[in-house]
Amino acid sequence: MNQKRNDRKDIHDSTTEFFLKVVQKEKNKKEKENAPMENLSSTTMKTLDTFGRFYNYLNQLLDKILSSRVTIMLLSFVIAAVLFYNIAGQDIIASPTSGVTIENVSVSIEGLDDSLEITNDIPDSVTVGLIGSSLDIYSTTLLANYEVYVDLTGYEEGSYTVDLRSRDFNEDLTVMLVPNTLDITLEEKVSQDFNLTYTFINEDQLDSKYSVSVESLSLDTVTVRASETTLGKIAKVAACIDVSYKSEAFDQTCTIKAFDSNNEELDVEISPSTVEVSCNVASYSKTVPIELSFTGEVANGYQISNYTLSQSEVTIYGLQEEIDGIDSIEVNVDVSDLNSSTTFEDIALNKENGINKFSSDTITVSVEIEKVVSKKLDNIEITVLNNSENYKVSFVGESGTATVSLTGSEERIDALSADNVTVTIDIDGLSTGTHQVKVSALVDDDKVSIELLSSETVTITIERN
């Protein structure tokens with residue numbers, strides 16, 4: 001019995017052990033299968049952690065860089081150098097020799113004796129050509145510390161052709177000046193006295209309701225020193241009175257300047273150079289019409305058919321007692337030799353004495369020019385005027401007719417005939433007998449001119465009926 005129990009026990013132990021081995025085997029299998037996933041997850045986490053620490057390090061590094069002014073300047077220099085190389089550096093390196101022109105390089109005058117003046121027009125700038133290495137050209141144009149000049153040391157009165165010179169260009173560059181010489185005329189300066197007048201400046205900053213009048217100048221004449229050529233160009237020598245924002249009487253120390261006929265300032269020496277002025281400010285004004293006056297004659301075969309003004313009136317300012325008598329303002333337009341319609345801009349109004357200011361200093365005038373033709377009309381009957389006594393009037397040796405010429409635009413001339421023309425004699429105050437009287441001719445179109453081709457006088461006999 002005991003032997004059977006022992007046998008059963010051994011069988012039971014063997015079965016349990018087998019079952020436990022199977023379970024352990026399955027467990028080991030699952031552990032092997034799960035191991036790669038756990039290893040992969042662990043690797044990913046380590047990578048992310050490493051990247052995060054590197055990102056934080058970069059942020060901290062950038063913060064330190066941007067917080068330092070020196071570091072920022074160094075970084076900017078590096079970036080600029082890279083950009084320069086990309087944009088221009090490759091060309092400079094690739095083109096060791098090249099050429100360039102520099103426009104409008106100013107010309108300075110050196111060594112001119114104070115007693116002399118340059119009286120002819122000379123250019124104030126020239127063109128400079130440079131040939132050499134691209135790097136030298138680039139540095140020269142970048143620094144721009146070069147000069148072009150004329151040395152007049154030792155020159156006397158006369159006319160000369162003077163070489164232009166240059167300095168402070170890179171010595172490795174070939175420098176060419178265009179032009180490379182200047183024609184210069186030198187004249188001795190002389191002194192001449194001029195009457196002193198005045199001119200207002202900054203009038204656009206004076207309230208339009210005010211006008212300024214000059215009460216007194218501390219000087220009547222000044223001495224101007226310049227060449228005779230320049231002295232001959234002087235149209236006026238004037239104290240420049242600043243009237244900006246003036247609303248009441250004022251005194252002022254004014255600079256004296258010389259001006260030519262175009263109101264351009266001339267470079268002269270004036271002694272004294274300033275003057276004391278006393279001015280009054282008034283608010284009286286009036287508006288008057290603008291009257292146009294033509295000077296000169298249009299080209300032969302043409303005439304003025306019409307004209308228009310940009311404005312027909314202007315407001316004048318000044319003391320009441322001085323401008324009350326001014327009823328109109330004249331503007332002159334030179335139409336000499338015109339043969340086509342023309343617009344004249346900035347035509348100055350004639351400023352009469354007593355006027356301190358205009359509401360507008362200039363106007364625009366448009367002039368229409370048309371080609372003219374002429375037509376001859378014969379046998380125009382002469383009409384007797386003012387025959388109040390009903391005399392019998394006979395023409396001695398004359399037919400009692402006249403010949404005229406009409407001149408105007410082709411359109412107007414074609415529309416006219418003898419019916420539009422009147423030729424007359426006037427016997428007002430004449431008694432019986434023989435008389436020589438003047439013949440007058442008129443046309444009923446004021447845009448057409450008429451000329452009497454036959455005799456301007458005729459002989460008549462007056463008899464009682």
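Glu265 comes out as partly exposed, with a relative accessible area of 48%; here buried means under 20%, exposed over 50%, and partly exposed anything in between (1.4 Å probe, protein chains only). This is a predicted model, so local features were taken only at pLDDT of at least 70 and side-chain atom pairs only at pLDDT 80 or more, while totals for chains, interfaces and linings use all residues. Residues are numbered from 1 along each chain as its sequence is written, and side-chain values rest on heavy atoms, with hydrogens and water left out.

The side chain of Glu265 meets that of Lys257 in a salt bridge, at 3.7 Å from N to O; the term stands for a side-chain nitrogen of Lys or Arg within 4 Å of a carboxyl oxygen of Asp or Glu. Lys257 is partly exposed too, at 29% relative accessibility. Salt bridges with shared partners also tie Asp114, Lys189, Arg225 and Glu269 into one network. By the rule above, the count of salt bridges is eight.

Strands, for the record, are DSSP runs of E with at least two residues, and helices are runs of H or I with at least four, numbered from the N terminus. With 23% relative accessibility, Arg225 counts as partly exposed.

Another salt bridge pairs Glu110 with Arg167, at 2.3 Å from N to O. This one also links distant parts of the chain, with Glu110 in strand S1 (residues 98-110) and Arg167 in strand S6 (residues 165-167), 57 residues apart. Glu110 is partly exposed at 24% relative accessibility, and Arg167 is partly exposed at 28%.

Turning to strand pairing, two strands count as paired if DSSP finds at least two bridges between them. Strand S15 (residues 274-282) pairs with strand S9 (residues 211-217) in the antiparallel sense, over six bridges. S15 is also joined to strand S12 (residues 250-259), again antiparallel and by six bridges. Cys279 of S15 turns up in both pairings: Val214 stands opposite Cys279, and Cys279 is likewise the bridge partner of Phe250. In a regular strand, side chains alternate between the two faces of the sheet.
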